[in-house]
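Take a walk through this protein chain with the sequence at your side. Keep the structure open as you read.

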Amino acid sequence: MTPMPDDPSAILPGRPPVVGLEAWQEARDELLLREKAHTHEGDAIAAARRRLPMVEFDGTAEVVGPDGPVPFLDLFQGREELVVYKHMWYDDAPPQGQCEGCTTTAWHLKDAVYLNARGVSFAVVTTGRWEEVAAYVRFMGYAQPWYSVRDAGEPVGGRMGYLASYLRDGDRAFLTYSTTGRGTERANGSMGLLDMTPYGRGEAWEDKPEDRPEGREPCWYWRTDAQGHATWGPTSRPVPQWTRPGATPVETLGRHGPYH
């Protein structure tokens, strides 16, 4: 095996310095101490989350799904716990005009078998009209249950772009936790993997060595054209959509435009 050079001249511009395996392992072990501390703090925060109080609400509030209006309690599917992703929605917009952030998050939540094995159900709710929502779910090929909460208030409906957890006790329903913004990143495994790479997410806010590629606006890579080039132009779509049948370039995104 060819040894790795220690000569500083071997440093490749815009890339991490080149060292031998022993030096790399020493630096990696030092970082590992910080990573373990971060993990332990995350455990402590999760413990505090489990100790939050909860809010009771009317579990018979109606939501609309493939079988028509049903009570919110049906989302539990007979289980005690429920996690819901609240998907943003733009009325009358075609699939490529829907929220790219929510599309990306929902794409990472296509399978809940492990949640179900732990007695936790999962569903997606949104404020769209059910007819439009159903068409979108068919286009995306989603198998998870979706519901329209268009006429429901908090904590069933209300603001979107949230992850929320609920608990039931017989016919009683309770909100136990809710988070939005970067709090929803836990549902997007790609974010964590990008954070493990030398270039990171490629976003301007990230702290990175001066010689690394300059970052761009947050989430700039969430929309691409058919060739995979990141763009928020009239022929772009949320990235996951390009794997769906019928996702072809378009000339317009309708009256809502591509920028949400």
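**Starting at one arginine**

Set aside neighbours within four places in sequence, and Arg-212 is in contact with Gly-14, Arg-15, Pro-16, Pro-17, Pro-198 and Tyr-199. Contact here means heavy atoms within 4.5 Å. Arg-212 sits in the loop between H5 and strand E9 (223-224). Helices (H or I, at least four residues) and strands (E, at least two) are DSSP runs, numbered from the N terminus. Arg-212 counts as buried because its relative accessibility is 14%. The classes are buried at under 20% relative accessible area, exposed at over 50%, and partly exposed in between, using a 1.4 Å probe and protein chains only.

A word on the model. It is predicted: local features need pLDDT of at least 70, side-chain atom pairs count only at pLDDT 80 or more, and totals for chains, interfaces and linings use all residues. Residues are numbered from 1 along each chain as its sequence is written, and side-chain values use heavy atoms, with hydrogens and water left out.

**The whole chain**

Now step back. The protein chain has 5 helices and 10 strands. Its C-alpha trace spans about 70 × 50 × 30 Å along the principal axes. Of the 260 residues, 40% are buried. Take the contacts with a separation of 6 or more: 56% of them join residues 24 or more positions apart. The accessible surface comes to about 15,400 Å², and carbon and sulfur atoms hold 56% of that. These areas come from the Shrake-Rupley method with a 1.4 Å probe; for residues, only the protein chains shown count as cover.

**Salt bridges**

How many salt bridges does the structure hold? There are 13 salt bridges. Each is a side-chain nitrogen of Lys or Arg within 4 Å of a carboxyl oxygen of Asp or Glu.

Look at Glu-100 and Arg-223. They form a salt bridge, with the closest N and O atoms 2.9 Å apart. Glu-100 lies in helix H2 (residues 100-107) and Arg-223 in strand E9, so the pair ties together parts that are 123 residues apart in sequence. Glu-100 is buried, at a relative accessible area of 4%. Arg-223 is buried too, at 0% relative accessibility.

Next, Lys-86 and Glu-154. Their closest N and O atoms are 3.5 Å apart in a salt bridge. This pair also links distant parts of the chain: Lys-86 is in strand E4, Glu-154 is in the loop between strand E6 (146-148) and E7, and 68 residues separate them. Lys-86 is buried, with a relative accessible area of 3%. Glu-154 is partly exposed, at 46%. Glu-154 also forms a salt bridge with Arg-159, where the closest N and O atoms are 3.6 Å apart. Arg-159 counts as exposed, at 57% relative accessibility.

**Helix H4**

Helix H4 covers residues 130-140. Its buried residues are Trp-130, Val-133, Ala-134, Tyr-136, Val-137, Phe-139 and Met-140. Their cover includes strand E2 (62-65), E4, H2, E5, E6 and strand E10 (237-238). Just after H4, Gly-141 takes a positive phi of about 75 degrees.

**Two pockets**

Rolling a probe the size of a water molecule over the atoms shows where empty space is left. A pocket is an open set of points on a 1 Å grid over the protein atoms alone, where a 1.4 Å probe fits, with protein on both sides within 12 Å along at least five of seven lines; lining residues have an atom within 4 Å of a point. Grid points are joined across faces, edges and corners, and a volume is the space filled by probe spheres set on the points.

The largest pocket has a volume of about 1,800 Å³. It is lined by 36 residues, with Leu-31, Glu-35, Asp-195, Met-196 and Thr-197 nearest its centre. Helix H1 (21-50) and helix H5 (189-194) are the elements that give two or more residues to this lining. H1 supplies the largest share, 13 residues.

The second largest pocket has a volume of about 830 Å³. Among its 25 lining residues, Arg-49, Glu-81, Val-83, Ser-165 and Tyr-177 are the closest to its centre. The largest share of this lining, 5 residues, comes from E7.
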